[in-house]
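This report covers a sheet, the salt bridges, a surface patch of charge and some backbone angles. The sequence and structure come next.

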Amino acid sequence: MDSLLQSMNQPIGPWTVERLLTALACIVASFLLRALFTRVVAHRLGRLASRTETEADDQMIAALISPLGQILPVIGAYIAFRILAPSYPEWLNLGNKIFVAAATILVAWTAARMTDALATLAAERAERSETTFDDQLVPLFRKSAKVFIGLVAFLLVAQNLGYSVSGLIAGLGIGGLAVALAAKDTIANLFGSVTILIDRPFRVGDWITLNGADGVVEEIGLRSTRIRTFAKTVVSIPNEELANSTVENHSLMPKRRIKFNLGVTYDATVGQMREAVARIEEYLRGNPDIDQVFMLVKFTTFSDSSLDIFVYCFTGTTDWTEHLSIKQDVNLAIMSILEDLDLQIAFPTRTVH
């Protein structure tokens, strides 16, 4: 026993064997605790989360398990450092700062991942609501919350390391004019996104057309809006430009229009023209795919090479594919009517005498 005590008190550098073994035991114990925590607590919480349909609780558990699993080794290393630090007092203050900074970063990491989980929960509830405003607000909330968490963590770490936060803020105030001038576009885009969310000229999933873009709105961000074009490319347009542009929203159409001039050759008789107009209108009146509220079929113009019948109506559906199919049926039916009446579709011609 005496020999064991002597060997434990034997110095190795500035430390004794006992102090080194105690510090090592703290580190090993912290890793063992992390393994036990991950296996037992995470497994049980995971089983509880698997019983629910939402993915938010799974993300919350992951948000808690990963940072807490990392903080246990950090605590073990800090305790071991405190055991060894008395031999080097000048290290003690630095070690405390590093530990607080690491703990702050882990807490911020946890908060950021919890924000993702809360955003997922909010998105799931937003999908069940009738309005789409909350669907657009959730991504902005997630991004804004993460930026805020990052700024707070940065200020806390900077203050802990000895930097003057008040001096930093004062410096930002002195250079505020230069920052404002440099970030004026970013601020304008931010206000543009707020304007889009409040005014709601379009929503995520709408088909819009404006200068430089024609496609489906994929995401409304803090700085820009992403539009997926029909060529499957992505166009990012600054929100300031969108807020000041004339946007045509095709998704808000209650019905789609069919409009064209049907040119008939000049050898048509008056009776044939009357019959053609009457039969085309009769066909449209009897077509259940055509909206019956308003339509026009009129002989309107003596053109240079044709007698023009103006056809104007709407399809009841707004789906583009269905609209094209209905329009095709209308065109084929009109061709059939003209064939029955022995009328010819005109094309530009010139007779030289």
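## The open sheet

Two strands are taken as paired if DSSP finds at least two bridges between them. The model described here is predicted. On that criterion, five strands form an open sheet in the order 6-5-4-3-7, and the pairing is antiparallel. Strand 6 (234-238) and strand 7 (248-249) are at the edges; each has a single partner strand, so one side of each has no neighbour in the sheet.

Five bridges link strand 5 (residues 224-229) to strand 6 in the antiparallel sense. Ile-227, for example, has Val-235 in strand 6 as its bridge partner. The loop between strand 5 and strand 6 contains Lys-232.

## Salt bridges

Side chains of opposite charge can pair when their charged atoms come close. The search of the whole structure gives six salt bridges. One of them joins Asp-291 to Lys-255, with an N to O distance of 2.9 Å. Asp-291 is in the loop between helix 10 and strand 9, and Lys-255 is in the loop between strand 7 and strand 8 (256-264), so this pair ties together parts 36 residues apart in sequence. Asp-291 counts as buried because its relative accessible area is 18%, under the 20% limit. Lys-255, at 25%, is partly exposed.

Another salt bridge is formed by Arg-285 and Glu-281, at 3.6 Å from N to O. Both residues belong to helix 10, and because they are four residues apart, about one helical turn separates them. Elsewhere, salt bridges with shared partners connect Glu-218, Glu-219, Arg-226 and Arg-228 in one network. Within that group, Glu-218 and Arg-226 form a salt bridge in which the closest N and O atoms are 3.5 Å apart. Glu-218 is partly exposed at 33% relative accessible area, and Arg-226 is partly exposed at 32%.

## A negative patch

Which residues gather in the patch of negative charge on the surface? They are Asp-289, Asp-319, Glu-322 and Asp-329. Asp-289 lies in the loop between helix 10 (270-286) and strand 9 (296-302), whereas Asp-329 is part of helix 11 (residues 320-340).

Asp-289 is partly exposed, with a relative accessible area of 37%; for Asp-329, also partly exposed, the value is 39%. Asp-289 and Ile-326 are 37 residues apart along the chain, and their C-alpha atoms are separated by 6.9 Å.

## Positive phi angles

Most residues other than glycine have a negative phi. Lys-232, which is not a glycine, has a positive phi of about 70 degrees. This lysine, Lys-232, is exposed because its relative accessible area of 62% is over the 50% limit.

Asp-342 likewise has a positive phi, near 60 degrees, in a residue other than glycine. Asp-342 is located in the segment after helix 11. With a relative accessible area of 60%, Asp-342 is exposed.

Notes:
Residues numbered from 1 in each chain as written. Predicted model: local features only at pLDDT ≥ 70, side-chain atom pairs only at ≥ 80, totals over all residues. Heavy atoms only, no water. Patch = residues over 30% accessible without salt bridge, like charges linked within 9 Å, V, L, I, M, F, W, Y side chains within 5 Å. Areas by Shrake-Rupley, 256 points an atom, 1.4 Å probe, with all protein chains shown as cover. Salt bridge = Lys/Arg side-chain N within 4 Å of Asp/Glu carboxyl O. Lys, Arg positive; Asp, Glu negative; His and termini not counted. Charge placed at Lys NZ, Arg CZ, Asp CG, Glu CD. Helix = DSSP H or I, 4+ residues; strand = E, 2+ residues; numbered from the N terminus. Buried < 20%, exposed > 50% of the residue type's maximum accessible area, 1.4 Å probe, protein only.
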